Amino acid sequence: MTISRDLETIWPDLNAYARSICDQPTDAEDLVQDAVERVLKARDVPTAKERLRPFMFRVIRNLFYDELRKRRIRKEYSNSQKRLISESSPVFQADDAILIRRAYEKLPPSAREILFLVDIMDFRYAEAAEILNVPPGTIMSRVSRARKRLIELIDGAPQKDENERTNARRER
């Protein structure tokens, strides 16, 4: 039998397992769909039906916990950002949003890109690293520099030109 046919025969079991770990039936269906899609694209998949079934359960479980982890991290990050905003100014006004947008627009494209991916689109560092095809450590340092520069622009710090930055690096 082909893997597709084997998947069809164990589909009810996969759905039942996914429903047992998910809160919503639609989430369970999505989980099974994602698992099947990944397995169909994968190279090292068990071909024997008796090995495929536990393998699929493991894939579903891993995808489920990966999603939970993503949600928790995004929630923690969102909460920390809300806390920072509330601590920095008691009332976030439209003027603040305009000031932030103007400062963001003054950033170089590379800084805007990294802030967009990490702070606006909520990608994890590893995901942003994959998108930009750079190591995660590079993402961390780019985000740090971009956030620092954004704060400087918001606070009205004078922008250094490229010559001043180069000279500062040489002095270190």
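Analyst: Start with the surface. Accessible areas here come from the Shrake-Rupley method, run with a 1.4 Å probe. The model is predicted. For the protein, the accessible surface comes to about 12600 Å². Carbon and sulfur atoms hold 50% of that surface.

User: How many residues does the protein have, and what percentage count as buried?

Analyst: Buried means under 20% relative accessible area. The protein has 172 residues, and 23% of them count as buried.

User: Next, the fold. How many helices and strands are there?

Analyst: There are 8 helices and 0 strands. Read from the N terminus, the elements run α-α-α-α-α-α-α-α.

User: Now helix packing. At what angle do the axes of α5 and α7 cross?

Analyst: Read the distance and the angle together. The axes of α5 and helix α7 (residues 136–155) come within 9 Å and cross at roughly 105 degrees. Angles of 65 to 115 degrees count as roughly perpendicular. The two helices, α5 and α7, are therefore roughly perpendicular to each other.

User: Which residues of α5 and α7 meet?

Analyst: From α5 come A111, I114, L115, V118 and D119. They meet I139, R142, V143, A146, R147 and L150 of α7.

User: Which residues form a nonpolar patch on the surface?

Analyst: A patch residue needs over 30% relative accessible area. Here the patch is F116, I120 and M121, with about 280 Å² of accessible area together. Take I120 as the example. I120 sits in helix α5, which spans residues 109–120. Its relative accessible area is 49%, so I120 is partly exposed.

User: Let me try a single side chain. Is F55 buried or exposed?

Analyst: Compare its percentage with the cut-off. F55 has a relative accessible area of 17%, so F55 is buried. F55 belongs to helix α3, residues 49–88.

User: Which residues is F55 in contact with, leaving aside neighbours within four places in sequence?

Analyst: The partners are V39, D44, V45 and P46. Check one of them, V45, along the chain. F55 and V45 are 10 residues apart, and 8.0 Å separates their C-alpha atoms.

User: On to charges. How many salt bridges does the structure hold?

Analyst: First the idea. Side chains of opposite charge can pair when their charged atoms come close. This structure holds 10 salt bridges.

User: How far apart are the closest N and O atoms of R19 and E29?

Analyst: The closest N and O atoms of the R19–E29 salt bridge are 3.5 Å apart. This pair links distant parts of the chain, with R19 in helix α1 (residues 3–21) and E29 in helix α2 (residues 25–41), 10 residues apart. Now the exposure of each end. R19 is partly exposed at 45% relative accessible area. E29 is partly exposed at 39%.

User: Which residues do salt bridges with shared partners join into one network?

Analyst: The network consists of K70, R74, R124 and E127.

User: Last, the backbone. What is phi of D122 near?

Analyst: Look for a positive phi in a residue other than glycine. Phi of D122 is near 60 degrees, and D122 is such a residue. D122 is in the loop between α5 and α6. With a relative accessible area of 28%, D122 is partly exposed.

User: And N133: buried or exposed?

Analyst: N133 counts as exposed, at 70% relative accessibility. N133 is found in the loop between α6 and α7. Its phi is near 60 degrees, a positive value in a residue other than glycine.

Conventions
Residues numbered from 1 in each chain as written. Predicted model: local features only at pLDDT ≥ 70, side-chain atom pairs only at ≥ 80, totals over all residues. Heavy atoms only, no water. Patch = residues over 30% accessible without salt bridge, like charges linked within 9 Å, V, L, I, M, F, W, Y side chains within 5 Å. Salt bridge = Lys/Arg side-chain N within 4 Å of Asp/Glu carboxyl O. Helix = DSSP H or I, 4+ residues; strand = E, 2+ residues; numbered from the N terminus. Buried < 20%, exposed > 50% of the residue type's maximum accessible area, 1.4 Å probe, protein only. Axes fitted to C-alpha atoms, helices over the stretch in contact; angles between N-to-C directions. Parallel < 35°, antiparallel > 145°, perpendicular 65-115°, else oblique. Contact = heavy atoms within 4.5 Å.
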